[in-house]
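Please read the following report alongside the sequence and the coordinates. It moves through a few selected sites and takes their surroundings in turn.

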Amino acid sequence: MFIVSRKGGILLVHESHIYRSNMRRQGPHKNILYWECVHNRSQKCRGRLKSEGNYLFISNTNATHNHPSDLNRINRAKVGGELT
């Protein structure tokens, strides 16, 4: 599931946490994206994901989120129509 940020960017929702794309890699099909938790900068959360095509992988398996889930923000996006 994806939601739209206040600035119009696309955010990925996975297991009640929100991620922003922070890098596009040059793969053979240029379809690899790396995602970081939106709380990376403010709370130094190390939650990371990697998507390759339609597949999603947890990149940093040793790290757990150091903050509560973003369920309230996700629900507000659903109500406000910012869900894609």
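In this predicted model, Glu36 has a relative accessibility of 5% and therefore counts as buried, the cut-off for that class being under 20%. Glu36 is placed in strand E4, and its side chain makes polar contacts with the side chain of Asn22 at 3.2 Å and with the side chain of Arg41 at 3.5 Å. When neighbours within four places in sequence are left aside, the residues in contact with Glu36 are Ile18, Tyr19, Arg20, Asn22, Arg41, Gly47 and Arg48, a list that includes both of these polar partners, Asn22 and Arg41.

Strand E4, which spans residues 32-37, also holds Trp35, and this residue is buried as well, with a relative accessible area of 5%. Trp35 takes part in the one aromatic pair that the structure holds. Its partner is Phe2, and because the ring planes stand at 45 degrees, with the ring centres 6.3 Å apart, the pair is classed as tilted. Phe2 lies in strand E1 (residues 2-4), so the pair ties together parts of the chain that are 33 residues apart in sequence. Phe2 itself, at 32% relative accessibility, counts as partly exposed.

Strand E1 is joined by three bridges to strand E2 (residues 10-14), and the two strands run antiparallel. Within this pairing, Ile3 has Leu11 of E2 as its bridge partner. The hairpin formed by E1 and E2 has five residues between the strands, and there Gly8 takes a positive phi near 95 degrees.

A further contact with a ring involves a charge: the charged end of Lys50 sits over the ring of Phe57, at 5.9 Å from the ring centre.

Another site is Ser69, which lies in the loop between strand E6 (55-58) and helix H2 (71-80). Ser69 counts as partly exposed, with a relative accessibility of 40%, and, residues up to four places away in sequence not being counted, Ser69 touches Ser16 and His17. The C-alpha atoms of Ser69 and Tyr19 are separated by 12 Å, although these residues are 50 residues apart along the chain.

The accessibility values for the residues discussed above are collected here.

| Residue | Relative accessibility | Class |
|---|---|---|
| Phe2 | 32% | partly exposed |
| Trp35 | 5% | buried |
| Glu36 | 5% | buried |
| Ser69 | 40% | partly exposed |

Notes: Residues numbered from 1 in each chain as written. Predicted model: local features only at pLDDT ≥ 70, side-chain atom pairs only at ≥ 80, totals over all residues. Heavy atoms only, no water. Phe/Tyr/Trp six-rings, centres within 6.5 Å; stacked < 30°, edge-to-face > 60°. Helix = DSSP H or I, 4+ residues; strand = E, 2+ residues; numbered from the N terminus. Buried < 20%, exposed > 50% of the residue type's maximum accessible area, 1.4 Å probe, protein only. Lys NZ or Arg CZ within 6 Å of the ring centre and 35° of its normal. Polar contact = N/O pair within 3.5 Å; in protein donor to acceptor, adjacent residues only side chain to side chain. Contact = heavy atoms within 4.5 Å. Pairing = 2+ DSSP bridges.
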